[in-house]
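I'd like to walk you through a model, so let's get it up on the screen.

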Amino acid sequence: MAPEVSPRRARAVLVALSLAAFAFITTELLPVGLLTHIAPDLDRTRSQVGLLVTGYAVVVVLASVPLARLTQRIPRRQLLGVTMLLFAAANATAALAPTYAVLAGSRLVTALAQALFWSIATATVTGPFPVAVRGRVVALFATGATLAPVLGVPLGTWLGQQAGWRAAFAVLAGVGLAIAVAVLVLLPSYPPATGGAARGTAPHGRRFALLLIATALSIGGFMTLQTYVTPFLLDVSGFADAVLAPLLFAAGAAGVVGTLAAARTLDTRPIASLLTPLSIGTASLFGLYAVGALRPGAVALLAGIGLAYAAFGSAVQNRMLQLAPGSTDIASAGVSTAFNAGIAGGSLLGGALLPTSGARPLALVGGLLTLAALTLLAVDAWRGHTAGPAPTAARPPTSPAATRQVTPADPDLRKRVVAGRGGCS
């Protein structure tokens, strides 16, 4: 049995892991903001620096599920603490990297840490909270990831412009060390399988598989443009280098708005919470292709993409907690693999198109990919609605006492169900 976690401590764990998500996403995307600074310093092309994002994502794709399986029995306190220490060490190495190869190697280690983090963090952070509010908790946890474009990448870009790109990675190393200490202090230590969110609430293998495919397609569409959004804003929209940080801030701020808006619907309308942001993102990508040369329109559409990307990410994590056909850790590793397959595929596709076609077609190609994902999810939702209740994975038999109806005559059981208590996973 997992120890009971007080509400105050559960909230502290939520804050710590949200900050860890902030640090990981900032590190993953930082080369996007510093692309034009890293490339000349290490004597590489922009496309080669963009591969730092692609390679990072490929490592996460390949490592997420194997690492999740290898670490299933390790208490999350120790595992997350070591993960954040690796994150800190790898970013310190990146800050001191004398060559492109050393920088790429340091990001490989960071990517391994991220693969493990995203495999276990969602279930860990939602475990102590009642099932009825876990969608809201997922959104609050995701706020850290959405704040990365708002604060992390723009501040890292600004710091890189002022003090050199290495300073940004050095700061991230310090942040990672502080989070490691917080994790080791706050998280209890017990077997992961006893956590409150260790299993999906409505397991469905086929729909979960479709969710993974749609996630890879949609994230690939977003990242086809976003990996090379700096050249797009410079070459297509005609913005000056000095305003890149404020523009990235605007897109990230819209992402925070999207995440907070999603928090209001994730628990009650999980499917609409997937389809709505994906529709907004698709329209914004097509719009950016059409009117991206007009600066006011480019700013508004960039914000639409930021809002959609963040809200969709929260919706996917929440849906995973419902549809996971087995362990939510393994399912979360699958979601992380899908996300990073999209990141890798999108950044690779964008890098291939950029030298030959320029930055403008990236928005069109990205929109086509997100449209494909939107169509897949919409058709699946329609089929699920017309087919009636979805089949679920087999569950262990329960005793009649465990399955009896909760009535006013059974107040203790009713209180336990309403409270939805469970430990951290």
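Predicted model: local features only at pLDDT ≥ 70, side-chain atom pairs only at ≥ 80, totals over all residues.

Salt bridges, then. How many does a search of the whole structure find? It turns up three.

Start with Arg76 and Asp329. Their side chains meet in a salt bridge, at 2.4 Å from N to O. Arg76 sits in helix α3 and Asp329 in helix α12, so this pair ties together parts that lie 253 residues apart in sequence. Are these two buried or exposed? Arg76 has a relative accessible area of 3%, and since buried means under 20%, Arg76 is buried. Asp329 comes in at 8% relative accessibility, so Asp329 counts as buried by that cut-off as well.

Now over to Asp380, and here there are two partners to look at. Arg206 forms a salt bridge with Asp380, and the closest N and O atoms are 3.1 Å apart. Arg206 belongs to helix α7 and Asp380 to helix α13, which covers residues 360-387, so the pair ties together parts 174 residues apart in sequence. Arg207 also makes a salt bridge with Asp380, again with the closest N and O atoms 3.1 Å apart. That pair links distant parts of the chain too: Arg207 is in helix α7, Asp380 is in helix α13, and they are 173 residues apart. Put together, Arg206, Arg207 and Asp380 are linked in a network of salt bridges.

What about burial in that network? Asp380 is at 7% relative accessibility, so it counts as buried.

A search of the whole structure finds three cavities of 30 Å³ or more. I'll stay with the largest cavity, which holds about 680 Å³ of space.

Which residues lie nearest its centre? Those are Ile25, Leu29, Ala145, Pro149 and Tyr309, out of 32 residues that line the largest cavity. If you want to colour the lining by helix, α1 (7-41), α4, α5 (134-163), α7 (205-226), α9 (244-263), α11 (295-323) and α12 (328-357) each supply at least two residues. The largest share comes from α11, with eight residues. And what is the lining made of? It divides into 20 nonpolar residues, eleven polar and one charged.

Last stop, the outside. Val82, Leu86, Leu108, Val109 and Leu112 form a nonpolar patch on the surface, and together they have about 380 Å² of accessible area. The elements giving two or more residues to the patch are α3 (76-96) and α4 (100-126). Which of them gives the most? That would be α4, with three residues.

Leu108 is in helix α4. With a relative accessible area of 41%, Leu108 is partly exposed.

That's the tour, so over to you for questions.

Technical notes:
Residues numbered from 1 in each chain as written. Heavy atoms only, no water. Patch = residues over 30% accessible without salt bridge, like charges linked within 9 Å, V, L, I, M, F, W, Y side chains within 5 Å. Areas by Shrake-Rupley, 256 points an atom, 1.4 Å probe, with all protein chains shown as cover. Salt bridge = Lys/Arg side-chain N within 4 Å of Asp/Glu carboxyl O. Helix = DSSP H or I, 4+ residues; strand = E, 2+ residues; numbered from the N terminus. Buried < 20%, exposed > 50% of the residue type's maximum accessible area, 1.4 Å probe, protein only. 1 Å grid on protein atoms, 1.4 Å probe; cavity = no way out; pocket = protein on both sides within 12 Å on 5 of 7 lines; lining within 4 Å. Points joined across faces, edges and corners; volume = space filled by probe spheres on them. Nonpolar A, V, L, I, M, F, W, Y, C, P; charged D, E, K, R; others polar.
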